[in-house]
Amino acid sequence: MDKRKRNKQKNSKANRPVPTKRISFLALFLCTLIISLLGRIAWLQFIDGNRLKELASRQQTLNDIISPKRGSIYDANGKALAISAAVDTVSINPSKIKKDNKEKVAKALSEIFELDYEFTLSQVNSTSSVVTIAKKVEQDKVSLLKKWMSDNKKISSGINIDEDSKRYYPYDTLAAHIIGFTGTDSQGLYGIEAKWNSTLTGLAGKIVTTSDVNNSEISSDASQYIDAQNGSDLYLTIDVNIQSIMEKYLAEGVSQAKASGGSAIAMNPNTGDILGMVTYPTYNLNDPFTILDVDTSTMSSTEKTNALYQRWTDKNVSVAYEPGSTFKTIMTAIALEENITEENISNDFVCTGSIQVADRTIRCASREVHGSQTLKQAVGNSCNSAFIQLGQRIGINTLYKYFEAFGLFGKSGIDTTGESSSIFFDKSAVGPVELATLSFGQRFKITPLQLVTAVSSIANGGKLMQPRIVKQVVSTNSESKNVTTFDSGPVRTVISEETAAKVRDTMEYVVTDGGGKKGAVQGYTIGGKTGTAEGTSLSGSKYNISSVSFVAIAPSNESEIVLLTVLYDPQTSSSYGSTLVAPIVSKMLSEILPYMGIVAGDSEIASTDLISVPPVTNKTLTEAKKLLQNAGLKVSASDTSDPNATLVTEQVPPAGTPLYKNSTVALYTKQNSVRTSVTVPNLTGCTLAQARNLLSSLNLNLKFVGSGKVFSQDVPVDSSVEEGSIVTVTLR
């Protein structure tokens, strides 16, 4: 093709018009793109802007949490039971540790923190961004690490030390079941630590700052500092010294009885304060996941977990048990309050060694024939037959009314974890056999805390107190240290002061002359009651005794302490509360009472307690009884006529006679003027308390001269005298 022709074709293509469709498509594409961009911008700006702004703020904001210090726990005297100390957590960023330095770093960390080298090296070689090497590290080891890092600055990059705190328990095992413990996150798991966790923990603070793209802090008006609110301190009602005494003798008792465990609880009956509360076996609060004195190597994980839970459980609060004959104190109080019987009515109960109830023959607890008994003697003998008869007289409706009043149907509301409820038959399901067993303390279950609270109402004159274990909360966030005190008080009045005094007198008789003699403490007046509950053995013991116990009040009058001790599943041939537990309580009280400042000696029988007998002749029986009881005296009157219409014609001793508190005045009327005569016992060799109780059981009165034991008596042994007569003894 020649040159001219080729130029012509070229010019023809250049001048050819662009197709309209292509231009339209391009314009449409550009418009769509612009609209989309504008739409996206509008969406980001107006619709999603707030969310993106918040995300940006989060990305640019640094939040450093300020951990609060956990509050401490103290006993009633200010001795620290739980404290938090400053410790540190050591971690590493493996990616920041150079390859050539990893072995050196692993060697240093393993030596300082006593770790396995190979395992530590695997952590240093980990691909994780952060690896924790050691938690809750004490300051001496942190100091070693810091020195090593200072000496090896070139290779210590990637090692972090962060502030932390660790919970310490200075006494290890002391009061373990009361205090409880915390987990690795410093959250309370058991006991006071768990119940009062929010109070002890406080509130975390934080530091809020903004950062640039390199994560470096930059100044900003949004920066703020919120201070941590440290946890408050708790002051408990327990006393370390009383707690230690109880723990020592309970452990000794469990060992001697070959029991599966034991519990003991002491209460101030006048305030409801828990003075000591012990469960054995125990555990170390600083190492709660180790089971002391047990080989766990052959245990499965489930068995070990169950064993740990059993160790952590406070039997005083969380385990219901059959109280056995200790419950007879409650039955006695109900009977006296309802005027169903009196302490010293002759031939009131008859024991032939067993009693037939419906289709059952129920034997007496001691396997003895007690014959005719007063109520006081029945309590001293712990006679099941007598208490079955007593329960039949009272009736289930009245019993359940008082059980509720004594707090036996509900939880006490004590400020710790895991409180259990009692287990009773529904009232509609109580037949003759159930009523019989209930009357002597079996086939139902209550907690030791419930029983000691109920007995405390007898010790303090009739008032059911609210149990208290936390006395004060003290704020640690200001110099003024605000104090919140939890005052304890009576929940309700259950029985009268007169009834309570009679039951205390009966409990003292148990210790001086009945089955609780081994619970006596030299120089002190002790009231008590033994308990033995037959049931399913917890560990397959051939002796088939589920628990043995002893409850004591001391001193008998003006009581300052109620102490209940229980041994579970004893494995000895002589498994009775009188032989196994009463001596334990005696040992506890022999140290606790002097520590409490209670002076030894029969202080309640002193010249300052002498009462002038008021004149009551020519007054109705009702008026006379009220006057004498208000004066602190007891009454013996057998007239069955209407007491509101029958006049007293004579009283023994006569008006104006000086008598000690709780002495007896016999009353006679025109309808019943027959004198009741009794035989004077031999008091030689008795302590003052024994002599008083022996005479009191016969409605006779005591006067004394000197101190020590009875050397002589002014009324000859086996003499016959009237009720209300006075026997004077000389002590040496």
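Colleague: Which residues form one aromatic cluster with Phe 181?

Modeller: Keep in mind that this is a predicted model. Ring pairing across the structure gives a count of 20 aromatic pairs. One aromatic cluster brings Phe 181 together with Tyr 190, Tyr 283, Phe 289, Tyr 309 and Trp 312.

Colleague: And Arg 675, how far is its charged end from the centre of the ring of Tyr 668?

Modeller: The charged end of Arg 675 sits over that Tyr 668 ring. To count, CZ of an Arg has to be within 6 Å of the ring centre. For this pair the distance is 4.3 Å.

Colleague: Now the cysteines: how many disulfides does the count come to?

Modeller: A disulfide needs two cysteine sulfur atoms within 2.5 Å. For Cys 351, the nearest cysteine sulfur belongs to Cys 383 and is 3.6 Å away. Cys 364 also has Cys 383 as its nearest cysteine sulfur, again at 3.6 Å. The disulfide count is zero.

Colleague: Is Cys 364 buried or exposed?

Modeller: Anything under 20% relative accessible area is called buried. Cys 351 falls in that class at 2%. Cys 364 has a relative accessibility of 0%, so Cys 364 counts as buried.

Note on methods
Residues numbered from 1 in each chain as written. Predicted model: local features only at pLDDT ≥ 70, side-chain atom pairs only at ≥ 80, totals over all residues. Heavy atoms only, no water. Phe/Tyr/Trp six-rings, centres within 6.5 Å; stacked < 30°, edge-to-face > 60°. Lys NZ or Arg CZ within 6 Å of the ring centre and 35° of its normal. Buried < 20%, exposed > 50% of the residue type's maximum accessible area, 1.4 Å probe, protein only.
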